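Hello,

I am handing over the structure below. My notes on it follow.

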Amino acid sequence: MAERYDYIVVGAGTAGCIMAARLSEDPGSRVLLVEAGGSDRSLIIAMPGALPFVYQNTRIGWGYRAGPEPYLDGKTIDEKAGKVIGGTSSINAMIFNRGNPMDYDGWAQDGLSDWDFAHVLPYFRKMESFADGPDEWRGGDGPVHVTRCPAAHPLFETFLRAGEQAGFPITVDHNGYQQEGMHIAQTNIDKGVRWSASRAYLRPAMDRPNLTVMAKTMVKRIVVSNGVADGIEIGRRGSSRIISCDREVIVCAGAMSTPKLLMLSGVGPADELNKHGITITAEVPDVGRNLQNHPGVDVQFGTAFEDSLTSQLTAPRRALIGAEWLFRRKGLGASNFFEAGAFLRTRADVEFPNMQYEFLPLTRRLIKDKLVPVPGFQVWMDLSRPESRGAVTLRSANPADPPLVIFNTLQERQDLQDIIDGVRLVRGQLLRQPAWEKYKAEELTPGPDVTSDRDLEAFVRAHMGTSYHPCGTCRMGADEESVVDPEGRMRAVSNLRVVDASIMPKEVTANLNAPVMMMAEKIADRIRGLPPLAPSRASYYMRKQ
Ligand SMILES: Cc1cc2nc3c(=O)[nH]c(=O)nc-3n(C[C@H](O)[C@H](O)[C@H](O)COP(=O)(O)OP(=O)(O)OC[C@H]3O[C@@H](n4cnc5c(N)ncnc54)[C@H](O)[C@@H]3O)c2cc1C
């Protein structure tokens, strides 16, 4: 008998786990979830403090590199993405941020009228169980556990106090009424364990008879006949086969792999497909375009005072941390270390905080070509809504080859200026406060001599990194040029939907996991024909200019 499903979900990542779990709630729907990576049942994935090991593990990531970046002197940049059940939610840093309400109101102003804050808030509430309890903004009984970090290390408190002394507000819940200001971070960590999309949604659904999960299976192309998606071609253990689909193929392969897969299926810009000899099934010029990210840099400080986490992470102590986590799910092993942060503005003419800061109470210094932990701390900063745009294209027609990813980071002058001003805000405002006095902090990078715009520009171009938030490559919109419509449906191909970070029309002021979850929850309801959740009347903070 031919293998047939009602829905085929490609990619068991953040969005894919939610789609598969929600669609299989209807017992009459046969759902197939296909994932290139393998099992996520691993201690390093479950243990938040093992994050550095997760980052180094090549078995659970795609190993993509972006670039050469034309505005960063041809530099290539590591651009991680999870290749494992749970996708990038299984390898990410677990920081939970929803974004600024104005991000979504901006989407609505661009035509996506039911993606404004009032319409997305009910889905953010639906998906979460916030440990501090529900209110108008927060959810109390969803599958995604969100907790406020203990932030017990004294440096976190110092960071917050210094921000206050510099005149920035402290916000009690940056995922509630007011995002802007200094905050104690919130995470997808529950009882000491990473709360990935797999743990929240997929594992509880695994025993359903109408859900099939195929791991270690690469989708090579979507089968499109006469403008209709009717199946997928998979590669498994060296052979290929076609699986058919009666209702929809839902692509959730992430912002870099989704456009690649569409192009391999003949859906994309004609010139790109012709270049690689791929037969065009639907010409869609914008597939792969509009690529955005959150680029950023670290500002690092050494301290005379041995009071940073660095001293608690020596090899013998690390063994104790591992043991404490293993037996009690407590201690530093239960932390992602990013326990405080801030959303701030570097200029008065933006309505939203254009810079996100993440504070880490430890740092490392390059000594004789080796990164050595030293007493100190560092502040990561990234641009919330950069103006530069890049693209994902193909390296070849071979599904095994990675896509060509070029962000064009710092193409726009404003992005460069914002990052330079962001560095100045840290050293000139956040650090120049009485709260730091006892630490006698000394700037390690960029370094006290790097002060002019020119020198800071050189520093930023040389050290520019990423928060790993690619998005936008299959833009959702109400206009005919957009790749997908406001419900994620491909305009040019029937029975084909995209639901993942690639459909975000514009970056949001947040790490992307929670926003992608919200999008998946909202679109899953549309596919199932459920009535949309009633828009919220909750207000939100807007600073007076
Ligand atoms: C290192 C890192 C740290 C991060 N930290 C945070 C954080 O702290 N907080 C936060 O909110 N966000 C964070 N993010 C970002 C966030 O996790 C992602 O934006 C989000 O998970 C993207 O979800 P997605 O569904 O779009 O894609 P993914 O979760 O990446 O899912 C795509 C899935 O599709 C699979 N796939 C791809 N191609 C194929 C194919 N051809 N066949 C079969 N399967 C395929 C992949 O293996 C993957 O499982 C981080 C990202 C990274 C890389």
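Predicted model: local features only at pLDDT ≥ 70, side-chain atom pairs only at ≥ 80, totals over all residues.

Strand 5 and strand 6 pair in the parallel sense over three bridges; two strands pair if DSSP finds at least two bridges between them. Strands here (E, at least two residues) and helices (H or I, at least four residues) are DSSP runs, numbered from the N terminus. Within this pair, E128 stands opposite V144 in strand 6.

Residues are numbered from 1 along each chain as its sequence is written, and side-chain values use heavy atoms, with hydrogens and water left out.

**The ligand**

The ligand is surrounded by 36 residues (one heavy atom within 4 Å), and the closest are T14, E35, T88, I95 and N513. Helix 1 (14-23), strand 12 (218-225) and helix 13 (513-527) each supply at least two residues of this shell. Polar contacts are pairs of N or O atoms within 3.5 Å; within protein, one must be able to donate a hydrogen and the other to accept it, and residues adjacent in sequence count only if both atoms are side-chain atoms. An oxygen atom of the ligand is 2.8 Å from a polar backbone atom of N513, and for A501 the distance from a ligand oxygen to a polar backbone atom is 2.9 Å. The protein covers 97% of the 1,000 Å² of accessible area (Shrake-Rupley method, 1.4 Å probe) that the ligand has on its own.

**Backbone details**

A cis peptide bond joins G67 and P68, with omega about 10°; P68 is found in strand 3 (residues 65-69). Another cis peptide bond joins T445 and P446, with omega about 0°. P446 is in the loop between strand 25 (442-445) and helix 12 (453-463). A151 is not a glycine, yet has a positive phi of about 45°. The place of A151 is the loop between strand 6 and helix 6 (154-165).

Regards
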